[in-house]
Amino acid sequence: MAKGNNRLSAKDLGFDPAQLAKRYQQERDKRVRDDAEAQFVAVTNDSPFANKYLAEDPYCSYAERDPIKDEREVIIVGGGWVGMITAARLTQAGMPDVRIIESGGDFGGTWYWNRYPGAQCDIESYSYLPLLEETGYMPKLRYSFAPEIYEHAQRIGKHFDLYKNAVFQTWVTQLRWLADESRWLVATNRGDEMKARYVCLGTGPANRPRLPGIPGADTFTGHTFHTSRWDYSYTGGGPEGNLNQLEDKKVAIIGTGATAIQCVPALGASAKELYIFQRTPSSVDKRNNSPTDPQWAASLAPGWQAERQKRFGESILGGLVYPEFVDDGWTRLARNVQSLMGQVENISPDQAGEITQLADFKTMEEIRQRVEQTVDDPQVADKLKAFYNQFCKRPTFNDDYLETFNRPNVTLVDVSSTKGVEQITPRGIVANGKEYEVDCIIYASGFEITSSYERRIGIPIYGINGESIYDHWEKGMRTMHGLMAHGFPNLFLCGGLFVFQLGANYCYGVDVQAEHVAHTISELSKRSTKVAHVSAEAEQHWIEDQLSSESAGMQLVLGGSPESCTPGYYNQEGTAQRYRDVRLESYGKGLGAYRTLLRNWRNAGDFAGLELT
Ligand code: NDP
């Protein structure tokens, strides 16, 4: 279309936007359930069936030890990226007395637990893997596989001497503020009673698996496991695939999110029969992996990683798409926005919104065309096409997933018309009125990422006067900077959903906070401060600022609005705006502005908003 026009027609675009909008709405309506998040069973001690998916660690035998009753300057709950990056930055800031408490048998968090075949980082490794320059490591591939990422977690642990004080195989069961001592009491499932001046909560967004509450699930007599507790003793093989013990097995997998997209190719290659139960298809773009070019790696100047992380964030969220990211699937939408904007003159603000929506349609049309080009059976291909805005659900990238549906042993079972799997029996799964007899059911059903705070964090936290943090957050997350809450002194809420929503590259957001937390704690410690407590006014001010802020980047990531998206954890199963305001859990102006805000606060040196004693 020539410059000079100020509208884009269906003919120019190659699709009809009105028809697509209607189809998107129909697909959403088909899936929204009245029980929303209540459709999932919480994995807790009160639910023995569900709890086995959390309690059993298939990767490590249980080591007995005596309860610990001691005191540390800082305790960090969680030894995944949040805990490790925060601990590393604290160490650099001169705070050596830091203990990480971790539920797994080693560092790594999500990369400790998620060892399913094909697991891989979807963000390029040079931006995603933390502390590459500090540890002197260069990833082997543009998109690393899980074993290399897990190994990198251990490299960080050794480099920053984090093993020295760490406690593994331990679940924190309670955090309680001891006002008389100005310290936190940290209780665990091992009978520990540790005390700490500061606590950093670093449990991350994906630490608790979730299970669909399918009637009859506990009656199934075959084998089952959740993808985050992959049972290689049952499947055989390893993270690279070759699941040789499945050769005579009929296997079902429930769920087709980012995890399933990665492990389905290995299951399809090995199982006698594979049934994939899909409620909503994922968008599956190209992977395009490649080995790291040693010459390029040798040419990098100090400071390259932070610069690259910054450029990656800008490239996704509507800024300039830097050359190193023009062939990265995460920027497909941003590139389409720019291309359509370039075809229209004198764009009004309303038109800019319209063009962004058109670019989203175009992006998803391209992704739907990939399905058509790859999957042989047109009826199967149709079911695999995603009809929603790209960031309504987590975009995925894989070169083998769609191909798997061309295998004769693989069956796609669409359960969208019943809003999910109808029933599980002792023998298998019932869907669309038919029973599929299987030997094994694998739950690729995700995590408690956006469910209620209590459910997703899973640790009772009591502050001043014994107030529960979940009561404090009854109407939404109340904090200052997304980090500290009134009534909960010396507690830093690191990572979590707040950072998850700041941009696709979680580790970079975590590091922005870690730098800030490390600086704050070390400065408070130097001044022998006992209590740092956010005032009620400072917390209120932050909330008001959050609720009034708009961000084009956030709008892009939220796919327009959570109410129009197909349900999933991004929009709390289709209910997001109804009872919780997502803006409270993120910084509406984007990660760059958040970093600047925190830096300015630190540079001012007056700890504004904190009452210090
Ligand atoms: P998700 O929550 O994304 O997916 C869960 C799947 O289970 C969905 O397909 C969901 O369908 C389906 N499901 C739930 N209940 C039912 C039911 N009753 N019947 C049928 N299907 C059901 O979990 P994942 O583990 O795939 O991913 C979670 C997150 O972890 C990702 O979004 C990503 O952030 C992260 N991740 C990152 C990776 C990386 O970077 N490499 C890799 C893997 C995960 P529906 O969509 O209809 O609700």
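I started at the ligand: a backbone N or O atom of Ala444 lies 3.5 Å from one of the ligand's oxygen atoms. I keep in mind that this is a predicted model.

On its own the ligand has 910 Å² of accessible area, and the protein covers 90% of that.

I then went through side chains with polar atoms by the ligand. Thr280 has a polar side-chain atom 2.5 Å from a ligand oxygen. For Arg279, I found an N or O atom of the side chain 2.8 Å from an oxygen atom of the ligand.

Which residues come nearest to the ligand? Out of 27 residues around it, they are Gln120, Thr259, Thr280, Lys393 and Tyr569.

On to the domains. I noted domain 1 as 71-208 + 449-612 and domain 2 as 209-282 + 386-443. Domain 1 gives 24 residues to the contact, and domain 2 gives 25. Over C-alpha atoms, I have their centres 31 Å apart.

For the interface, I wrote down about 2,200 Å² of buried area between domain 1 and domain 2, with 52% from carbon and sulfur atoms. Tyr116, Pro117 and Asp122 supply 31% of what domain 1 buries against domain 2, more than any other three residues.

Last, I checked the polar side of things. There are 8 residue pairs in polar contact across the interface, both partners at pLDDT 80 or more. Where domain 1 touches domain 2, I counted its residues as 12 nonpolar, 8 polar and 4 charged. How many salt bridges are there between domain 1 and domain 2? I have 2. I also noted a salt bridge between the side chains of Arg210 and Glu573, at 2.8 Å from N to O.

Key. Residues numbered from 1 in each chain as written. Predicted model: local features only at pLDDT ≥ 70, side-chain atom pairs only at ≥ 80, totals over all residues. Heavy atoms only, no water. Domains from an automatic or database assignment. Contact = heavy atoms within 4.5 Å. Buried area = accessible area lost by both parts, 1.4 Å probe. Salt bridge = Lys/Arg side-chain N within 4 Å of Asp/Glu carboxyl O. Polar contact = N/O pair within 3.5 Å; in protein donor to acceptor, adjacent residues only side chain to side chain. Nonpolar A, V, L, I, M, F, W, Y, C, P; charged D, E, K, R; others polar. Near = heavy atom within 4 Å. Areas by Shrake-Rupley, 256 points an atom, 1.4 Å probe, with all protein chains shown as cover.
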